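My entries follow the order in which I looked.

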Amino acid sequence: NDPFNIYALANEYKSHNSEKALEYFEVLIDQHPEYVATYYHLANLYLDLGMDEKAKATFEQGIQMATRQNEVLLLRELKSAYDEFMMDF
């Protein structure tokens, strides 16, 4: 139930089993929405899977959560990735 453990599992699966990684990242968003690092990785996974609308929404949610938590570094990373994504969207 520890969000870090779920996050670590999702990242382990990301390179060889996207569907399993997606399951773990979505569990994190549902059960631990305050775990801000999830949003960046989940949004990029959605992009890899061609799920652009979900990626866009996830970037936006992550930016809101990082702003609320004053997570400056994660906010910068999310905004940068979101801006790059929007240029291609």
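**Ground rules.** I am working with a predicted model, in which local features need pLDDT of at least 70 and side-chain atom pairs count only at pLDDT 80 or more, while totals for chains, interfaces and linings use all residues. Residues are numbered from 1 along each chain as its sequence is written, and side-chain values use heavy atoms, with hydrogens and water left out.

**Helix 4.** I looked up helix 4, residues 52–69, and noted that its 18 residues reach 26 Å from the first C-alpha to the last, close to the 26 Å expected at 1.5 Å a residue. The helices here are DSSP runs of H or I with at least four residues, numbered from the N terminus, and the expected span is 1.5 Å times one less than the number of residues. Which residues of helix 4 are buried? I found Ala55, Thr58, Phe59, Gly62, Ile63, Met65 and Ala66, where buried means under 20% relative accessible area, exposed over 50%, and partly exposed in between, with a 1.4 Å probe and protein chains only. These buried residues pack against helix 3 (37–48) and helix 5 (72–88). Just after helix 4, I noted that Asn70 takes a positive phi of about 55 degrees.

**Ala43.** I then turned to Ala43, which lies in helix 3 and is buried, with a relative accessible area of 0%.

**Helix 4 with helix 5.** Two packed helices are described by the angle between their axes and the distance between the axes. The axes are lines fitted to C-alpha atoms, for helices over the stretch in contact, and angles run from 0 to 180 degrees between N-to-C directions. Helix 4 and helix 5 pack at about 150 degrees, with their axes 9 Å apart. They are therefore roughly antiparallel to each other, given that angles over 145 degrees count as roughly antiparallel, under 35 as roughly parallel, 65 to 115 as roughly perpendicular and the rest as oblique. On the helix 4 side, I listed Asp52, Lys56, Phe59, Glu60, Gly62, Ile63, Ala66 and Thr67, and these meet Leu75, Leu78, Lys79, Ala81, Tyr82, Phe85 and Met86 of helix 5. By class, the residues of this contact divide into 9 nonpolar, 2 polar and 4 charged; Ala, Val, Leu, Ile, Met, Phe, Trp, Tyr, Cys and Pro count as nonpolar, Asp, Glu, Lys and Arg as charged, and the others, Gly among them, as polar.

**Helix 3 with helix 5.** For this pair I noted an angle of about 20 degrees and axes 9 Å apart, which makes helix 3 roughly parallel to helix 5. Ala37, Tyr39, Tyr40 and Leu47 of helix 3 make the contact with Leu74, Glu77, Leu78, Ala81 and Phe85 of helix 5. I counted the classes as 8 nonpolar, no polar and 1 charged.

**Helix 1 with helix 3.** Helix 1 (residues 3–14) packs with helix 3 at about 25 degrees, their axes 11 Å apart, so helix 1 is roughly parallel to helix 3. Here Tyr7, Asn11 and Lys14 in helix 1 meet Ala37, Thr38, His41 and Leu45 in helix 3.

**Tyr24.** Last, I looked up Tyr24 in helix 2 (residues 18–31), which counts as partly exposed at 23% relative accessibility. Not counting residues up to four places away in sequence, Tyr24 touches Ile6, Leu9, Ala10 and Tyr13.

Notes:
Helices (H or I, at least four residues) and strands (E, at least two) are DSSP runs, numbered from the N terminus. Contact means heavy atoms within 4.5 Å.
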